[in-house]
Amino acid sequence: MVGRMDSAWKNRLAQLNAAGLNAWGVADGRAWSDVLPGCRSVLVFASGGTALWDALGADLKTHPSHLSEEDHPLDAFITRTLNRVDPEPGESRRWIRCSADEPNPVDFRPLAQDAGLGWRSMLGLLIHPHFGPWLGLRAACFTTELLPVSGPLSGEGPCPDCTAPCISACPGDAL
């Protein structure tokens with residue numbers, strides 16, 4: 001499958017990046033027709049490092065009531081961001097958030113791995129090539145558009161060659 005990213009997607013990606021969703025990838029969407037009929041691509045969005053927290057902090061400075069009036073201010077910020085970036089997805093796109101109150105949840109871990117956002121670690125966490133384990137899966141856009149697939153990443157990731165400080169630091173020897 002080969003596709004291309006049009007100017008509308010490039011604009012959405014720039015806005016999402018500015019809001020702290022600064023890591024993303026595209027998975028083959030053909031297996032996701034139960035989520036969106038005719039799905040061809042799935043864009044998976046994550047936050048790496050402090051970018052999302054910085055954007056949320058700026059939002060809360062401008063709108064302090066979001067902190068006290070919303071049950072889940074981070075999830076609400078992401079929802080507002082998605083609605084601003086793609087206010088009318090129509091029948092060709094469906095957004096699903098990675099949050100506890102998402103009415104139609106999907107397992108983001110294998111989806112993010114298929115999109116090339118990282119490798120699965122011994123801890124079950126996704127390890128991003130740049131952000132390492134400091135990656136939060138946030139949302140996915142299931143679309144009938146054909147976009148260039150970016151994953152999965154090749155190889156086994158950094159874990160096989162790592163000295164595994166996570167194992168020795170684990171209280172209770174869970175690993």
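Good morning. Leaving aside its neighbours within four places in sequence, leucine 43 is in contact with Trp9, Leu13, Trp24, Gly25, Val26, Ala139, Ala140, Cys141, Thr143 and Leu147, where contact means heavy atoms within 4.5 Å. The model is predicted, so local features need pLDDT of at least 70 and side-chain atom pairs count only at pLDDT 80 or more, while totals for chains, interfaces and linings use all residues. Residues are numbered from 1 along each chain as its sequence is written, and side-chain values use heavy atoms, with hydrogens and water left out.

Let us turn to the cores. A nonpolar core is a set of buried Ala, Val, Leu, Ile, Met, Phe, Trp, Tyr and Cys residues joined through side-chain atoms within 4.5 Å; buried means under 20% relative accessible area, exposed over 50%, and partly exposed in between, with a 1.4 Å probe and protein chains only. The largest such core has 22 residues, and those with the most contacts inside it are Trp9, Leu16, Leu43, Phe45 and Trp95. At least two residues each come from α1 (7-18), β2 (41-48), α2, α4 and β6 (135-143). These helices (H or I, at least four residues) and strands (E, at least two) are DSSP runs, numbered from the N terminus. Which element gives the most to this core? That is α4, with five residues. A second, separate core of 21 residues includes Trp32, Leu111, Leu117 and Leu137. In soluble globular proteins, nonpolar side chains tend to be buried together.

Next, arginine 97, which is placed in strand β3 (residues 93-97). Is arginine 97 buried or exposed? Its relative accessibility is 14%, and therefore arginine 97 counts as buried. Its side chain makes a polar contact with the side chain of threonine 79 at 3.2 Å, and another of 3.3 Å with the side chain of aspartate 101. A polar contact is a pair of N or O atoms within 3.5 Å; within protein, one must be able to donate a hydrogen and the other to accept it, and residues adjacent in sequence count only if both atoms are side-chain atoms.

Finally, asparagine 22 lies in the loop between α1 and β1 (23-28). Because its relative accessibility is 21%, asparagine 22 counts as partly exposed. The side chain of asparagine 22 reaches the backbone nitrogen of glycine 48 at 2.7 Å. Asparagine 22 and aspartate 101 are 79 residues apart in sequence and 23 Å apart in space, C-alpha to C-alpha. Thank you.
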